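Have the sequence and the 3D view ready, and try each task before you look at its solution.

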Amino acid sequence: MPELPEVEVVRRGLERWVAGRTVESVEVLHPRAVRRHPGGGADFAARLGGRTLGVPQRRGKYLWLPLEGRDLSVLGHLGMSGQLLVQPQDSPDEKHLRVRVRFDDDLGTELRFVDQRTFGGLSLHENTPDGLPDVIAHIARDPLDPLFDEGAYHLALRARRTTLKRALLDQSLISGVGNIYADEALWRARLHYERPTATLARPRSAELLGHVRDVMNAALAVGGTSFDSLYVNVNGESGYFDRSLDAYGREDEPCRRCGTPMRRRPWMNRSSYFCPRCQRPARVAS
């Protein structure tokens, strides 16, 4: 799944190429692409036509395009393989093109939603007073948000009877962190993924958050992490942070800190990568 850096790369591209443009027409080519829109494809296209798109916004992994002059937004969920691409109008259709948005201008480009596995989609929603689509009002702020409350996060972390990696992936506590960047931040902090959150003192919690931010900013600088052709920006270009990963995907390779072979363990239908020497399970609170 795309995580915060990948979604932010797409958001920045949409801000450059789509913000301020007025929709001329919408073509829904696959019903699953708008299955989260209550009115279906025809209603989605009709309500979006003639509307001007505002500056794209993001919270965590969620991306939306506000409609200027309306308390409505187009929410984009990329799922496992969704791509929002800005393409020349005369370029060939992608094999898995699901939605096409054409604009009322002479720039010659259109917005395409391409999704091979059809787990993602687009939908139109009412906004909350804070400007979020109502269906994601429960999502917490992400660690790159200037209004993220570190103190409140630490208190919530200590109060939860859970483990560190579960807490990092809990979107009601902190948004935008997924499996890859959780493993990377935990490796940098020398913390085991199954360490109970209640054992983490405030300084260590702050240190872990700092590593989460550092990993995400480093990924943003190179366009996110791409393991295959499904993770691209609006111009169809892949990110390169996978070449800089210290933990994720490095089973049996030497730890970059101590040389011990990295390990992989099954975890919640996924995998956790860690160094058995640097990231030992905690026995006492630090």
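This is a predicted model: local features need pLDDT of at least 70, side-chain atom pairs count only at pLDDT 80 or more; totals for chains, interfaces and linings use all residues.

Residues are numbered from 1 along each chain as its sequence is written, and side-chain values use heavy atoms, leaving out hydrogens and water.

**Exercise 1. Work out the order of the strands in the open sheet, and find what packs on the sheet.**

Step 1: Learn the terms. Helices (H or I, at least four residues) and strands (E, at least two) are DSSP runs, numbered from the N terminus. Two strands pair if DSSP finds at least two bridges between them.

Step 2: Follow the pairing. The order is E2-E3-E4-E8, with antiparallel pairing. Strands E2 (57-59) and E8 (121-126) are the edges, each pairing on one side only.

Step 3: Look closely at one pair. E2 is joined to E3 (residues 62-66) by 3 bridges, and Gln-57 stands opposite Trp-64 in E3.

**Exercise 2. Decide how enclosed helix H5 is.**

Step 1: Buried means under 20% relative accessible area, exposed over 50%, and partly exposed in between (1.4 Å probe, protein chains only).

Step 2: Count. In H5 (residues 179-189), 10 of the 11 residues are buried, so the helix is largely enclosed by the rest of the structure. Among them are Ile-180, Tyr-181 and Trp-187.

Step 3: Find the neighbours. The buried residues of H5 pack against helices H1 (4-17), H4 (164-168) and H6 (202-221), and against strands E9 (263-267) and E10 (270-274).

**Exercise 3. Locate the residues that UniProt lists for "binding site".**

Step 1: Read the record. The unreviewed UniProt entry lists His-96, Arg-117 and Arg-160; such annotations may be inferred rather than shown by experiment, with positions in the numbering used here and feature names shortened. The listed residues are spread in space, up to 41.7 Å between C-alpha atoms.

Step 2: His-96 counts as partly exposed because its relative accessibility is 23%.

Step 3: The loop between E7 and E8 holds Arg-117, which is partly exposed at 35% relative accessibility.

How values were computed
Contact means heavy atoms within 4.5 Å. Axes are lines fitted to C-alpha atoms, for helices over the stretch in contact, and angles run from 0 to 180 degrees between N-to-C directions.
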